[in-house]
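Here is a short briefing to read with the structure open beside you.

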Amino acid sequence: MIPMTKLLSGSAALALMALLACGGGGGGSSAPTTATSLAYTDPTTGTYLLKKNVALSSATHLVLDLVGPASTTGTGVTATFSADATRAAWANVAAGDPANTFVQNGTAFSLGASPQILKGKVSGGALQVTAAQKGIANPASLNAPLLRVALDLRASQPPGAVSLGADSAKCQMIDGTGAIVVPITVTVGTLAAQ
């Protein structure tokens, strides 16, 4: 007959081996299957940059500022951006903005009284935006937010990269003399659902 202590210690050893074979003592965490936020990394080089506005962004609502170069003045800018429409949606910058506005003036341009030259339009994953002053008498330094746009994370998205780009053929600005500069290169950062 086998002593009871040997039977129990043998059973304990088998249980421990089975536990180790299955990955060990628990406590681990698995990666989330549904993203809960949009993460954006600003570009580090370029002339016109699409940068995260930390103060206006939340976990699922990403606000981006288009910022120009310090050495240039201008009176307006227009840009076309694209994003993966299945993973993120272009949205109003602020909840209180009129429906389907899709753009806010930044801090560089003084748009004056109504009617203002400020327009945003979405078609699928593409966003076209324009912000401009009236006339060329007072060109602004472009080293400030020229305009603001926003993206919302769509529901039930898996974590991973989200495509975001700028169409350089459709990005242009009005310089300090009133000339239209075509194209301008807008550099975007990296976007991911986390």
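**A buried charged pair**

R148 has a relative accessibility of 13%, and because buried means under 20%, R148 counts as buried. Please keep in mind that this is a predicted model.

**The aromatic pair**

- A pair of aromatic rings is described by two values, the distance of the centres and the angle of the planes.
- There is one aromatic pair in the structure, made by F81 and W90.
- F81 and W90 are both buried.

- Strands of a sheet pair through backbone hydrogen bonds, in either a parallel or an antiparallel way.
- Three strands build an open sheet here, in the order 1-16-11, and their pairing is antiparallel.
- Strand 1 (38-41) and strand 11 (160-162) are at the edges; each has a single partner strand, so one side of each is left without a neighbour in the sheet.
- From one strand to the next, the twist averages 35°.
- Three bridges connect strand 11 with strand 16 (residues 190-193), again in the antiparallel sense.
- To find your way along this pairing, look for V162, which stands opposite L191 in strand 16.

- Strand 7 (residues 117-123) and strand 8 (residues 126-132) run antiparallel and are joined by seven bridges.
- K121 has Q128, in strand 8, as its bridge partner.
- Two residues lie between the strands of this hairpin, and G124 has a positive phi near 65° there.

**Backbone features in the loops**

- Most residues other than glycine have a negative phi, and most peptide bonds are trans. The next points go through the exceptions, beginning with the cis bonds.
- The peptide bond from S114 to P115 is cis, with omega near 0°. P115 belongs to the loop between strand 6 (104-105) and strand 7.
- V182 and P183 are also joined by a cis peptide bond, with omega at about -20°. You will find P183 in the loop between strand 14 (180-181) and strand 15 (186-187).
- N100, a residue other than glycine, has a positive phi near 55°. N100 is placed in the loop between strand 5 (88-91) and strand 6.
- Is N100 buried or exposed? With a relative accessible area of 57%, N100 is exposed.
- S156 has a positive phi as well, near 60°, and is likewise a residue other than glycine. The loop that holds S156 runs between strand 10 (145-153) and strand 11.
- S156 counts as exposed, because its relative accessibility is 63%.

Methods: Residues are numbered from 1 along each chain as its sequence is written. This is a predicted model: local features need pLDDT of at least 70, side-chain atom pairs count only at pLDDT 80 or more; totals for chains, interfaces and linings use all residues. Side-chain values use heavy atoms; hydrogens and water are left out. Two strands pair if DSSP finds at least two bridges between them. Helices (H or I, at least four residues) and strands (E, at least two) are DSSP runs, numbered from the N terminus. Axes are lines fitted to C-alpha atoms, for helices over the stretch in contact, and angles run from 0 to 180 degrees between N-to-C directions. Rings of Phe, Tyr and Trp (its six-membered ring) pair if their centres lie within 6.5 Å; planes under 30 degrees apart count as stacked, over 60 as edge-to-face and the rest as tilted. Buried means under 20% relative accessible area, exposed over 50%, partly exposed in between (1.4 Å probe, protein chains only).
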